[in-house]
Amino acid sequence: MVSLIDRSRVVICDCTGRNPNVFYEAGIAHTLGREVILITQNGQDIPFDLRHLRYIPYLNNGEGRGSLAAAIQARVQTIVGH
């Protein structure tokens, strides 16, 4: 996973369920200077020390995933400048 993060410009982390591995990998991405996009189904799953970062909330249904895809696409385009 570390080598994949190292080769990435943008890393998307789904914080839903507060999986410790996700937070570990987000930390690695931040350390390596990668852009991190946080997503979650529940804002309470974002730890207090990451809440200052913008995150994208989404619903786990067809419409919610469609909105999530559009929001991620817009954020990535902003990050890469296209």
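Visitor: What's the relative accessible area of Arg18?
Guide: Arg18 has a relative accessible area of 41%, so it is partly exposed. Buried means under 20% relative accessible area, exposed means over 50%, and partly exposed is in between, with a 1.4 Å probe and protein chains only.

Visitor: Before I go on, what am I looking at, and how are residues numbered?
Guide: This is a predicted model, in which local features need pLDDT of at least 70, side-chain atom pairs count only at pLDDT 80 or more, and totals for chains, interfaces and linings use all residues. Residues are numbered from 1 along each chain as its sequence is written, and side-chain values use heavy atoms, with hydrogens and water left out.

Visitor: Fine. Where does Arg18 sit?
Guide: Arg18 is in the loop between β1 (10-14) and α2 (20-31). Helices (H or I, at least four residues) and strands (E, at least two) are DSSP runs, numbered from the N terminus.

Visitor: What about the phi of Arg18?
Guide: The phi of Arg18 is positive, about 55°, although the residue is not a glycine.

Visitor: Zooming out. How many helices and strands does the chain have?
Guide: There are 3 helices and 3 strands in the chain. In sequence order the pattern is α-β-α-β-β-α. The radius of gyration is 13 Å, close to the 12 Å that the globule rule gives for 82 residues, so the chain is as compact as a globular protein of that length. That radius is taken over C-alpha atoms, and the rule is 2.2 Å times the number of residues to the power 0.38.

Visitor: What does the C-alpha trace span along its principal axes?
Guide: About 35 × 30 × 25 Å.

Visitor: And how much of the chain is buried?
Guide: Buried residues are 28% of the 82. The chain exposes about 5300 Å², and carbon and sulfur atoms supply 53% of that area. Accessible areas come from the Shrake-Rupley method with a 1.4 Å probe, and for residues only the protein chains shown count as cover.

Visitor: What share of contacts comes from residues 24 or more positions apart?
Guide: Such residues account for 52% of the contacts with a separation of 6 or more. Contact means heavy atoms within 4.5 Å.

Visitor: You mentioned Asp14. Which strand is that in?
Guide: Asp14 is in strand β1. Its relative accessible area is 28%, so Asp14 counts as partly exposed.
Guide: A search of the whole structure finds 1. A salt bridge is a side-chain nitrogen of Lys or Arg within 4 Å of a carboxyl oxygen of Asp or Glu.

Visitor: Which residues form it?
Guide: Asp6 pairs with Arg34, and the closest N and O atoms are 3.1 Å apart. The pair links distant parts of the chain, 28 residues apart: Asp6 is in helix α1 (residues 2-6), and Arg34 is in the loop between α2 and β2 (35-40). Asp6 is partly exposed, with a relative accessible area of 41%.

Visitor: What else touches Asp6?
Guide: Leu32 touches both Ile5 and Asp6, not counting residues up to four places away in sequence. Leu32 lies in the loop between α2 and β2 and is partly exposed at 34% relative accessibility.

Visitor: Which buried arginine has no salt bridge?
Guide: Arg75 is buried and has none; the nearest side chain of opposite charge, Glu35, is 7.8 Å away. Arg75 is found in helix α3 (residues 62-80). Beyond residues up to four places away in sequence, Arg75 touches Ile37, Arg54 and Ile56.

Visitor: Last one. How far apart are the mean positions of the positive and negative charges?
Guide: The mean positions of the 8 positive and 7 negative charges are 4 Å apart. Lys and Arg count as positive and Asp and Glu as negative, while His and the chain ends are not counted. The place of a charge is taken as NZ of Lys, CZ of Arg, CG of Asp or CD of Glu.
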